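Please look over the sequence and the model before reading on.

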Amino acid sequence: MDSIDCKLLEKLQQNADTPVADLAAELGLSQTSCWRRIQRLKDAGVITRNVALLDRNHANVSVTVFVAVRTSTHSQEWFDQFHATVQAITEVVELYRMSGDVDYLLRVVVPDIAAYDKVYKRLIAGTQLLDVSSSFAMEEIKFTTALPLTYVR
């Protein structure tokens with residue numbers, strides 16, 4: 001990837017609906033070469049998909065909850081059951097396996113505390129957990145889906 005690819009990716013991360021003609025003009029490329037670059041980035045797996053980002057308030061899921069999960073079981077069977085449980089809960093939008101004191105961290109979006117309580121009950125009913133700790137985000141200060149491109153080689 002060269003510097004033009006990085007600039008193209010920056011633009012696409014801001015708005016993937018930008019017409020190729022506009023991207024080409026901003027980057028000093030022909031439309032055909034710009035389109036070819038985009039296709040090459042898709043074929044290489046750099047661009048994995050194009051999605052629409054929704055306004056959380058309009059989707060009525062303005063409450064963000066970070067859920068820290070600890071378990072005393074670390075078998076593949078347990079993980080498969082936990083993973084299946086989490087996959088079935090649409091309000092869980094991110095799941096990470098962590099190092100340190102917490103085994104898994106989930107990001108959950110819901111309309112209110114009562115809705116989160118229902119998510120919590122589905123989570124604990126689906127698997128054996130040692131500890132579940134929930135933290136409600138009070139204010140979103142920074143949120144982006146754009147990845148930094150300063151480390152691209």
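The model is predicted: local features need pLDDT of at least 70, side-chain atom pairs count only at pLDDT 80 or more, and totals for chains, interfaces and linings use all residues. Residues are numbered from 1 along each chain as its sequence is written, and side-chain values use heavy atoms, with hydrogens and water left out.

**The chain as a whole**

The chain holds 5 helices and 4 strands; helices (H or I, at least four residues) and strands (E, at least two) are DSSP runs, numbered from the N terminus. Their order along the sequence is α-α-α-β-α-β-β-α-β. The radius of gyration is 20 Å, well over the 15 Å that the globule rule gives for 153 residues, so the chain is more spread out than a compact globule. That radius is taken over C-alpha atoms, and the rule is 2.2 Å times the number of residues to the power 0.38. The C-alpha trace spans about 55 × 35 × 25 Å along its principal axes.

Of the 153 residues, 28% are buried. Buried means under 20% relative accessible area, exposed over 50%, and partly exposed in between, with a 1.4 Å probe and protein chains only. The chain exposes about 10,700 Å², and carbon and sulfur atoms supply 50% of this area; the areas come from the Shrake-Rupley method with a 1.4 Å probe, and for residues only the protein chains shown count as cover.

Among contacts with a separation of 6 or more, 65% join residues 24 or more positions apart. A contact means heavy atoms within 4.5 Å. As for charge, the chain has 16 positive and 19 negative side chains, and the centres of the two sets lie 5 Å apart. Lys and Arg count as positive and Asp and Glu as negative, while His and the chain ends are not counted. The place of a charge is NZ of Lys, CZ of Arg, CG of Asp or CD of Glu.

**Cysteines**

How many disulfides does a search of the whole structure find? The search finds 0, a disulfide being a pair of cysteine sulfur atoms within 2.5 Å. The cysteine sulfur closest to that of Cys6 is in Cys34, 14 Å away, which is too far for a bond. Cys6 is buried at 15% relative accessibility, and Cys34 is buried at 0%.

| Residue | Relative accessible area | Class |
|---|---|---|
| Arg122 | 36% | partly exposed |
| Asn60 | 49% | partly exposed |
| Ala137 | 35% | partly exposed |

Arg122 belongs to helix α5, residues 113-126. Apart from neighbours within four places in sequence, Arg122 contacts Thr85, Ala88, Ile89, Thr90 and Glu91. Lys7 is 115 residues from Arg122 along the chain, and their C-alpha atoms are separated by 43 Å.

Asn60 sits in the loop between α3 (31-43) and β1 (63-70). The phi angle of Asn60 is near 60°, a positive value in a residue other than glycine.

Ala137 is in the segment after β4 (131-136). Not counting residues up to four places away in sequence, Ala137 touches Thr64 and Phe66. Between Ala137 and Gln39 there are 98 residues of sequence separation and 38 Å in space, C-alpha to C-alpha.
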